[in-house]
Amino acid sequence: MTEIGGCRNPPDDGQRLAPTGLAHRNDTAKSQAAIRPSCQTGGMTSESPEVLTRPDGSPIRILAVDDEPSLTELLTLALRYEGWQVTTANSGANAVRAASQIQPDAIVLDIMLPDFDGVEVMRRIRTTQPNVPVIFLTAKDALADRINGLTAGGDDYVTKPFSLEELIARLRSLLRRSGMASSYRESVLTVGDLALNEDSHEVVRGGEYINLTATEFELLRFMMRNPNRVLSKSQILDRVWHYDFGGQANVVELYISYLRKKIDVGREPMIHTLRGSGYLLRAAAEGKPE
């Protein structure tokens, strides 16, 4: 997600959307304020970046530490979109405990925590994992914290508000430099008999080619990168459109219906609606969610 608001994506291929407007969302206002907008052409990302994995081919492990649940939720969603495993902690003690359990490849660490600060968290973790890279999250005006964190051995920092794209780019750079990751080019996502080529933008189900618009492709790609996972309307808006339609989240319903007509009609359905929760994509052979 980039910051809620700011980037508006026009309808593609002449499809008309219902009138929309921005609305305040008090429950996530604080976390949204920590994330800066990053406007891309049409609100979409069309390139397929290299996929980073551990040297043994298993997913990168990230520990994200912040005491704002909404912010860690957004971080988790964005990092999982990269194919990485994410563990979160909301305090210094929990972060130290989690690090000993999962042995993370990198840590995103807020300087200000409710029990002890991020520098102390890093110091304790590095007594057993001396080489783990750490990116600090700091307040915009907290120059002393940034200097303290880097002097103590932090590898990098981003200031709030920040863009998720910037944070992920910095993580990628750190992982490569530290030798914690290897990369390969992944071009095809597959869920059951559905395949999506991220390079050619070809989509095939059961041997039949399916023509999608740019927005439909991005929505399907997001769902295929998170199979068997319930995705809320707000999460889909954040990642696919990069901004918030506020109370007009029916745009997600509209595009889900477009996808269903192209992906599911005449076949065993793959796209499922969980009332009050969101949407889920799973292989048809696995049946409907309970």
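A search of the whole structure, which is a predicted model, finds 17 salt bridges, a salt bridge being a side-chain nitrogen of Lys or Arg within 4 Å of a carboxyl oxygen of Asp or Glu. Side chains of opposite charge can pair when their charged atoms come close. Residues are numbered from 1 along each chain as its sequence is written, and side-chain values use heavy atoms, with hydrogens and water left out. Local features need pLDDT of at least 70 and side-chain atom pairs count only at pLDDT 80 or more, whereas totals for chains, interfaces and linings use all residues.

One of the salt bridges is formed by the side chains of Glu-198 and Arg-221, with an N to O distance of 3.3 Å. This pair links distant parts of the chain, 23 residues apart: Glu-198 is in the loop between β9 (194-197) and β10 (203-205), and Arg-221 is in helix α7. Helices (H or I, at least four residues) and strands (E, at least two) are DSSP runs, numbered from the N terminus. Glu-198 and Arg-221 are both buried, where buried means under 20% relative accessible area, exposed means over 50%, and partly exposed lies in between (1.4 Å probe, protein chains only). Salt bridges that share partners join Glu-198, Glu-218, Arg-221 and Arg-225 into one network.

Helix α7 spans residues 214-224 and also contains Glu-216. The side chain of Glu-216 meets that of Lys-262 in a salt bridge at 2.8 Å, N to O. The two residues are 46 residues apart and link distant parts of the chain, with Lys-262 placed in helix α9 (residues 250-263) and Glu-216 in helix α7. The pair also qualifies as a polar contact between side chains, at 2.8 Å; a polar contact is a pair of N or O atoms within 3.5 Å, and within protein one must be able to donate a hydrogen and the other to accept it, while residues adjacent in sequence count only if both atoms are side-chain atoms. Glu-216 has a relative accessible area of 1% and is therefore buried, whereas Lys-262, at 29% relative accessibility, counts as partly exposed.

Because Lys-233 lies in helix α8 (residues 233-241) and Glu-253 in helix α9, the pair ties together parts that are 20 residues apart in sequence. Lys-233 counts as partly exposed at 28% relative accessibility, and Glu-253 is partly exposed with a relative accessible area of 39%.

Strand pairing was also examined. Two strands pair if DSSP finds at least two bridges between them. Strand β8 (residues 188-191) pairs with β9 in the antiparallel sense over 4 bridges, and Thr-190 has Ala-195 in β9 as its bridge partner. The hairpin of β8 and β9 has 2 residues between the strands, and Gly-192 takes a positive phi near 60° in this hairpin. Strands β9 and β10 run antiparallel and are joined by 3 bridges; the partner of Ala-195 in β10 is Val-204. In the hairpin of β9 and β10, with 5 residues between the strands, His-201 takes a positive phi near 65°.

The protein averages a pLDDT of 77, and 73% of the residues score at least 70, pLDDT being the predictor's confidence in each residue, from 0 to 100. Over residues 1-33 the pLDDT is below 50, and this stretch has 83 contacts in the model beyond near neighbours in sequence, a contact meaning heavy atoms within 4.5 Å. For residues 36-48 the pLDDT stays under 50, and the model has 40 contacts beyond four places in sequence.
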